[in-house]
Amino acid sequence: MVLALPFAVIHIHNIIIGTTGYLLFVIASHILLNLHKKPINLSPVKYTPFQILLRAVFVGLTISSVVVLSSVLNPFWGGVFAMFPSVTFSSLIIFHYYYYSPEQLFYFMKKAPIGSLSLYAYDISAMVLFKKIGFIAGSFVCVAISLIVSWTLSRLQNIKRFS
């Protein structure tokens with residue numbers, strides 16, 4: 001949110017400047033988060049049906065509050081709050097409540113900057129494709145593009161200098 005505000009306030013709408021700034025912050029964040037290399041074992045998470053239901057309700061309420069903020073304030077603020085609360089905040093709370101300590105959550109979030117590239121791929125492709133092929137077909141293509149980026153990032157994770 002803090003990084004997006006200057007672009008909105010000074011009305012910078014250049015995709016090259018925005019993408020360059022975003023990539024610089026992703027690289028810097030990735031480097032800073034990976035300075036601490038102490039290994040930690042994260043056990044796989046298995047949810048009960050009740051936990052899945054609670055998670056769905058919690059995330060749904062979080063997303064609903066973002067939609068309300070968007071209508072009460074304006075769409076810009078809805079967009080600003082959409083990413084952090086609906087994805088990151090709810091996931092961290094659920095993971096911490098059921099499974100992980102704060103130290104383990106740090107390792108869970110270490111991959112977030114690089115992982116955000118798949119969201120960025122979806123956003124950029126949606127910006128281009130929704131106008132050309134419509135919302136429904138565009139959504140399917142954008143999800144496919146995002147999945148390809150995610151798959152590629154997961155393959156690159158095996159390279160020692162990248163992970």
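**Figure 1. Overall make-up of the chain.** Helices (H or I, at least four residues) and strands (E, at least two) are DSSP runs, numbered from the N terminus. The model is predicted: local features need pLDDT of at least 70, side-chain atom pairs count only at pLDDT 80 or more, and totals for chains, interfaces and linings use all residues. Residues are numbered from 1 along each chain as its sequence is written, and side-chain values use heavy atoms, with hydrogens and water left out. Of the 163 residues in the protein chain, 21% are buried; buried means under 20% relative accessible area, exposed over 50%, and partly exposed in between (1.4 Å probe, protein chains only). Among contacts (heavy atoms within 4.5 Å) with a separation of 6 or more, 68% join residues 24 or more positions apart.

**Figure 2. Packing of helix α6 against helix α7****.** Helix α6 spans residues 112-133 and helix α7 spans residues 135-156; their axes are 8 Å apart, at an angle of about 155 degrees. Axes are lines fitted to C-alpha atoms, for helices over the stretch in contact, and angles run from 0 to 180 degrees between N-to-C directions. The two helices, α6 and α7, are therefore roughly antiparallel; angles under 35 degrees count as roughly parallel, over 145 as roughly antiparallel, 65 to 115 as roughly perpendicular and the rest as oblique. The crossing of α6 with α7 is right-handed. A crossing is left-handed if the near helix is turned anticlockwise from the far one by less than a right angle, and right-handed if clockwise. Residues of α6 at this contact include Ile114, Leu117, Tyr122, Leu129 and Phe130, and those of α7 include Phe135, Val141, Ile145, Val149 and Leu153. By class, the contact of α6 with α7 holds 17 nonpolar, 7 polar and no charged residues. Here Ala, Val, Leu, Ile, Met, Phe, Trp, Tyr, Cys and Pro count as nonpolar, Asp, Glu, Lys and Arg as charged, and the others, Gly among them, as polar.

Figure 3. Residues up to four places away in sequence aside, serine 146 touches Ser118, Leu119 and Tyr122. From C-alpha to C-alpha, alanine 126 is 9.9 Å from phenylalanine 140, and the pair is 14 residues apart in sequence.

**Figure 4. Packing of helix α2 against α6****.** Helix α2 (residues 15-33) meets α6 at an angle of about 165 degrees, and the axes are 10 Å apart. The angle therefore makes α2 roughly antiparallel to α6. The crossing of α2 and α6 is right-handed. On the α2 side the contact includes Ile15, Tyr22, Leu23, Val26 and His30; on the α6 side, Pro113, Leu117, Tyr120, Ile124 and Met127 are among the residues met. The contact of α2 with α6 comprises 11 nonpolar, 4 polar and no charged residues.

**Figure 5. Glutamine 51 and serine 71 in helix α3****.** Helix α3 covers residues 49-72 and contains glutamine 51, which counts as buried at 12% relative accessibility. A polar atom of the glutamine 51 side chain lies 2.9 Å from the backbone nitrogen of threonine 48. Beyond its neighbours within four places in sequence, glutamine 51 is in contact with Lys46, Tyr98 and Tyr99. Serine 71 also sits in helix α3, but counts as exposed at 60% relative accessibility. The side chain of serine 71 reaches the backbone oxygen of valine 68 at 3.0 Å.

Key: A polar contact is a pair of N or O atoms within 3.5 Å; within protein, one must be able to donate a hydrogen and the other to accept it, and residues adjacent in sequence count only if both atoms are side-chain atoms.
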